[in-house]
Amino acid sequence: MERYICIHGHFYQPPRENPWLEVIEQQDEAYPYHDWNEKITAECYATNSASRILDEQGLIERIVNNYARISFDFGPTLLTWLETKAPEVYTAILEADRRSRETFSGHGSALAQAYNHIILPLANRSDKYTQVLWGIRDFEHRFGRRPEGMWLPETAVDLESLEIMAELGVQFTILAPRQAQRVRDMRDGEWEDVTNEKIDSSVPYLLRLPSGRSISLFFYNGATSRAVAFEEILRNGESFAKKLLEGFSEDRDWPQLVHIATDGETYGHHHRFGDMALAYALNHIETNNLAHLTNYGEYLERHPPRYEVEIFENSSWSCSHGVERWRGDCGCNLGSQPGWNQTWRIFLREALDWLRDAISPLFEDKAGQLLKDPWLARNDYIEVILQRSTEVAEQFLARHELSPLTETDKVMVLKLMELQRHTMLMYTSCGWFFDDLAGIETVQVISYAGRALQLAQELFGNNLESAFLEKLKRAQSNRTEVGDGRQIFESSVKGSMFDLARVGAHYAMCSLFQDYPNTAKIYCHIVERQDYQSYETGRARLVLGKIKVSSQVTLASAELGFAVIHLGDHNLSGGVREFSDDDSYLVMAEEMSAAFDRADFAETIRFLDKNFAASTYTLKSLFPDDQRKILDVILETTLEEADAVYRQLYERHAPLLRFLKDTDSPPPRAFTTAAEFVMNASLNRAFENDGLNLDRIEYLMQEAESEGITLDLPTLEYGFRQALERLAAQLAADPSDLSLLEKFEAAASLVGRLPFEVNVWKAQNVCYEMLQTMYGEFQTRAEQGDESASRWLQHFNGVAESLLVRV
């Protein structure tokens, strides 16, 4: 009897980008990482691309790419982020699919995913079609092949969505066992009820669709999948393998498939070191010939369906009530806040449905005047999203224009396409999944609605916002201080909206603190400098200039003049607007520069108000990430002063602090505050120094311990890790550099002596790669009497020992 195992990981994060900037802004909840994508990448997506298999002594024996031996799907918007922010991980994912084709009879392990994870049964047919098509096109662009299978967001299914998938060439999808209703043998069998997860998950099934098409369905093993996702199975790789093998039955006389499906984040993010349990289990099963590892495409080719199935429509894997979690207060929630309700889900969806339906005829009418087929153009717009450039946008416009478009028409068409993109982004499933309206995922989908409203106002001139907010205010947060949906929109979304003038203001104010080239990229905008003048009087600075700001998304542009005055600290004021001609700009520049040269700052500000009226900006107008950077610069002098005061207090009284600790006497709060500030600052500076003075670091650690000083361990761990990774990257670029290797060895030797656990994943990767590619060569040279090679081996062995890599 043939036995097959397939493990599927659904890897997904909701799109988190600011709709106006197309980047993820800092998310403090993810500290010490910049944002949740970065944090989960470090904990899961990266670790699965280079997962450890340990020997009996706990040393790294092998490093493997888990993706190459499992089935997986990645959200297209997540892959877009990984491509630019974690390119090594992105490349490893693509490489895993290529290798899986070699392993699994030409069938790649990657599956496509509906584009931005909307609940397809709750979408209209047009959005369903575009979501499936965009998911396929995105997959082809990245993986270089047609997808055989597609993951349905939350496995939420209806026949119309399956019809579209089959029409577009998708051969199979994966569902939860409770989504099966009845089955029968296709040869001559009677229908058999399989509700309540009674379906045999060891074989694939065929679903005949109303159109006459069909699609294959795999129903994963529910009990084992739940154990992996929610129990402690992943604490031990051998236990994980054993649990998988328990899925086989001697009563079956056919080639049986044991397969599970969970969130991919299970392996590392939800369960720390889950990726290692996965790597060990796969290796244990394979090396001991306990079963054949396979993927769905290979198994389906070898063992086509013999059974037909019918399903429950409007069902999913994460809501026992069907798809009510995304449109009603069905009771499905995280359970972290007893007494909360999710009635807000009803009104959020109603408000967004209203907005989509209000926009749709306006879009058809406006786009119909410019394009051959507006909806066909929307489907094709994914090509522009995948390759943001003027050239690709022009090619798209040429394919779809009804007649030659003016430059204004081109901007209008691209805005119409962006309008449609955001009316789909606002349905991203996570907006309803969690417990409260004020959660970051829900605020994110409301932000996408905000961008759609802004574009609709620019395109059609009619204000949909007030009617939308009337509907949205019916959605009430469980947190009384937050209020309702309208209040959330006004407090968290409205202030994020901006136009080209605000991009210009951002550029102008930031130019005081950083040097820009003549052509600069400001997020998804290009700023071309036409004139720039800078003046200084004491601490005060004034900058004046003319720029052209262009959107890389819509190709909209504006020529703007600006003036910014900085009187020190956070006292920053600026103005930006269009000037009718060069003369009016020059008059403004002359007035302001003359007043500033006289150090008449009151007059300078008066001229700023006169020339820019309502178009003025302050430090609060900056985009958040850059605002923080500039505040760091502004605070630098203040922090240096505080550092000097605290350091003087600490150094003068450090002996007393040690005496107090020895006598178990509580030190005054002023002493401990000064000591903590100084010690943490000193250690952070030591980690930031490329030299990594290890004696200094050890001394500071000993001082902190002897004086009972509380250290900021997460920040220090992150700082030391980055220092170690910088050294590792330098060594990876020049592995034969003996002096670099010595520094790396010294730094690695500190890992086990620090009062916190250090994530050495990247450093271990470099060490392992050198072991695989360089070690043998140096070993041969050393055996031939090469003294430098012998020293290299000695230091490398020291690195490997500290990083727990087996040589």
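Contact, as I use it here, means heavy atoms within 4.5 Å. I'm working from a predicted model, where local features need pLDDT of at least 70, side-chain atom pairs count only at pLDDT 80 or more, and totals for chains, interfaces and linings use all residues. Residues are numbered from 1 along each chain as its sequence is written, and side-chain values use heavy atoms, with hydrogens and water left out.

**Entry 1: Pro14**

I started with Pro14, leaving aside its neighbours within four places in sequence, and found it in contact with Thr428, Cys430 and Glu441. Pro14 and Cys430 sit 416 residues apart in sequence, yet their C-alpha atoms are 6.6 Å apart in space. Pro14 belongs to the loop between strand E1 (3–11) and H1. Helices (H or I, at least four residues) and strands (E, at least two) are DSSP runs, numbered from the N terminus. Is Pro14 buried or exposed? Pro14 is buried, at a relative accessible area of 10%; the cut-offs are under 20% for buried, over 50% for exposed and partly exposed in between, with a 1.4 Å probe and protein chains only.

The peptide bond from Tyr31 to Pro32 is cis, with omega near 10°. I noted it since most peptide bonds are trans.

**Entry 2: H1 against H2**

Next I checked how helix H1 (residues 36–49) packs on helix H2 (residues 76–85): the angle is about 90° and the axes are 12 Å apart. Axes are lines fitted to C-alpha atoms, for helices over the stretch in contact, and angles run from 0 to 180 degrees between N-to-C directions. That makes H1 roughly perpendicular to H2; under 35 degrees counts as roughly parallel, over 145 as roughly antiparallel, 65 to 115 as roughly perpendicular and the rest as oblique. On the H1 side I listed Asn37, Glu38, Thr41 and Tyr45, which meet Leu78, Trp81 and Leu82 in H2. By class, this contact of H1 with H2 has four nonpolar, two polar and one charged residues. Ala, Val, Leu, Ile, Met, Phe, Trp, Tyr, Cys and Pro count as nonpolar, Asp, Glu, Lys and Arg as charged, and the others, Gly among them, as polar.

**Entry 3: H22 against H24**

For helix H22 (residues 624–662) and helix H24 (residues 694–706), I found axes that come within 9 Å and cross at roughly 50°. H22 and H24 are therefore oblique to each other. Tyr650, Arg658 and Lys661 in H22 meet Glu703, Glu705 and Ser706 in H24. Sorted by class, the contact of H22 with H24 has one nonpolar, one polar and four charged residues.

**Entry 4: H18**

Which residues of helix H18 (residues 485–493) are buried? I get Gly485, Ile488, Phe489 and Val493. Seen down the axis of H18, they fall within an arc of 100°, so they line one face of the helix; the arc is that of the directions from the helix axis to the C-beta atoms. Their cover includes helix H16 (440–460) and helix H17 (465–472).

**Entry 5: positive phi**

Most residues other than glycine have a negative phi. His117, in the loop between strand E5 (110–113) and helix H4 (125–143), has phi near 60°, and His117 is buried at 0% relative accessible area. Glu154 has a positive phi of about 60° too. I placed Glu154 in the loop between strand E6 (150–151) and helix H5 (159–167), where Glu154 is buried, with a relative accessible area of 10%.
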